[in-house]
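Please consult the sequence and the coordinates alongside the text.

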Amino acid sequence: MTSTRRHGEYKVMGGKLVVADLSVVDGHLANVSINGDFFLEPDEALDDINAALNGLAESAAPDEMVAAIETALPADAVLFGFDARAVAIAVRRALAKATGWGDHTWEVIAPQVRPTLENLALDEVLAREVGAGRRNPTLRLWDWEDPAVVIGSFQSVRNEVDPEGAERHGIEVVRRVSGGGAMFMEAGNCITYSLYVPQSLVDGLSFADSYPFLDAWIMQSFQSMGLDAHYVPLNDIATQHGKIGGAAQKRFSNGGMVHHVTMSYDIDADKMTDVLRIGKEKLSDKGNRSAKKRVDPLRRQTGMSRSDVIATLSTSFTERYDAAAGEITADELATARELVRTKFATPEWINRVP
């Protein structure tokens, strides 16, 4: 039985291009040829990789492919510029089970002032819309006026927030759908964006690797601003001067996901430490003794206005992925507002971890 030849490519971040050419016969991989501009010793190890993949079920999970490759490789094999997981991603792309940035039509939604709770609800609504195939993958830039502390999905309210400090400063406490740490957000002091993508875009990547993968565009944007930014595992973004911000993700059962980032632009560190309980244990692995020294705002590092930073980010994404201007539909907004009423504004959700 013959099968149409299939082709998939994956460029390793900071590494090499891995290409998979293969056929599928009776539901199994056949005639697999892995190639690319990577380095591999000994030469015969390439035959071992191909042999490990031949005969695997078309439905094999990425981890199964990785295990097969790693088991087949000789102990002295040296893979430079790629690894077994990169091969698995290329194979999955050949099988149309994984996608690349260029496989999608992208949209960018410009910032518009909205209540914080509405911004949080839109993250869930738009991610689910992408998963359902009713919306193109989208970058949405946030804006807001009311000050808030946005805690992670699994954080304890009493452990993260000083209620007297929050009341004194008029800070609303809300909870988002993703994990991670608390965000102290006042109008004009942060820059926040959300990416709504199909999970096929990160198929085969570990959770840890998916963070810098989804934010590679913003690292390029920072370079245009004169900043040398990098990821500090798992989810912090920093420069040599200090932390800029952090990322978080939530993956939904219908195949959509949200990846969002909040960065400090011009933070009031005294107020932040008056409202948030930032313990010594949290600081210990960051190499800082003071919460005020953990964050180094973009205003000081770039010398740019907040609006100019946002415009630079939007332009970088638009040019890199040929994105078009998008907008939130009336149905999406109505669904988000109903979700605020039934979920995000309720004491049951906000205090689900007391």
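Strands (E, at least two residues) and helices (H or I, at least four residues) are DSSP runs, numbered from the N terminus.

Together with Val78 and Phe80, Phe39 forms a nonpolar patch on the surface, and the accessible area of the three is about 320 Å². Patches consist of residues with over 30% relative accessible area and no salt bridge, where like charges are joined within 9 Å and nonpolar side chains (Val, Leu, Ile, Met, Phe, Trp, Tyr) within 5 Å. Accessible areas come from the Shrake-Rupley method with a 1.4 Å probe, and for residues only the protein chains shown count as cover.

## Basis of the values

The model is predicted: local features need pLDDT of at least 70 and side-chain atom pairs count only at pLDDT 80 or more, while totals for chains, interfaces and linings use all residues. Residues are numbered from 1 along each chain as its sequence is written, and side-chain values use heavy atoms, with hydrogens and water left out.

## Helices H1 and H2

In H1 (45-53), the buried residues are Ala45, Ile49, Asn50, Ala52 and Leu53. Viewed down the axis of H1, these residues fall within an arc of 160 degrees, so they line one face of the helix; the arc is that of the directions from the helix axis to the C-beta atoms. Asp47 and Ala51 are exposed on the other side of H1. The buried residues of H1 pack against strand E3 (28-36), E4, H2 and H3, where contact means heavy atoms within 4.5 Å. Just after H1, glycine 55 adopts a positive phi of about 95 degrees.

Helix H2 (residues 62-72) has Pro62, Met65, Val66 and Ile69 as its buried residues. Their arc around the axis is only 100 degrees, which puts them on the same side of H2. An α-helix has 3.6 residues a turn, so residues three or four places apart point the same way. The packing partners of the buried residues of H2 are helix H1 and helix H3 (84-94). Exposed residues Asp63 and Thr71 are carried by the face of H2 turned away from its buried side.

## Salt bridges

Over the whole structure, 17 salt bridges are found, each being a side-chain nitrogen of Lys or Arg within 4 Å of a carboxyl oxygen of Asp or Glu. One of them joins aspartate 63 to arginine 85, at 2.9 Å from N to O. Since aspartate 63 lies in helix H2 and arginine 85 in helix H3, the pair ties together parts that are 22 residues apart in sequence. Aspartate 63 is exposed, at 52% relative accessible area, whereas arginine 85 is partly exposed, at 22%.

Aspartate 143 and arginine 306 form another salt bridge, with their closest N and O atoms 3.6 Å apart. Aspartate 143 is located in the loop between strand E7 (138-141) and strand E8 (148-151) and arginine 306 in helix H12 (residues 306-321), so this pair ties together parts that are 163 residues apart in sequence. Both aspartate 143 and arginine 306 are buried. In the salt bridge of lysine 243 with aspartate 236, the closest N and O atoms are 3.4 Å apart. Lysine 243 is partly exposed, with 21% relative accessibility, while aspartate 236 is buried, with 7%.

## Tryptophan 349 and serine 153

Tryptophan 349 lies in helix H14 (residues 347-350) and is buried, with a relative accessible area of 13%. Residues up to four places away in sequence aside, it touches Ser153, Arg175, Arg176, Val177, Lys343 and Phe344. Tryptophan 349 is 173 residues from arginine 176 in sequence, yet their C-alpha atoms are 9.2 Å apart in space.

Serine 153, in the loop between E8 and helix H5 (157-160), is buried, at 3% relative accessible area. Beyond its neighbours within four places in sequence, the contacts of serine 153 include Ser178, Gly179, Trp349 and Val353. The side chains of serine 153 and arginine 352 make a polar contact at 2.5 Å. Such a contact is a pair of N or O atoms within 3.5 Å; within protein, one must be able to donate a hydrogen and the other to accept it, and residues adjacent in sequence count only if both atoms are side-chain atoms.

Terms used
Buried means under 20% relative accessible area, exposed over 50%, partly exposed in between (1.4 Å probe, protein chains only).
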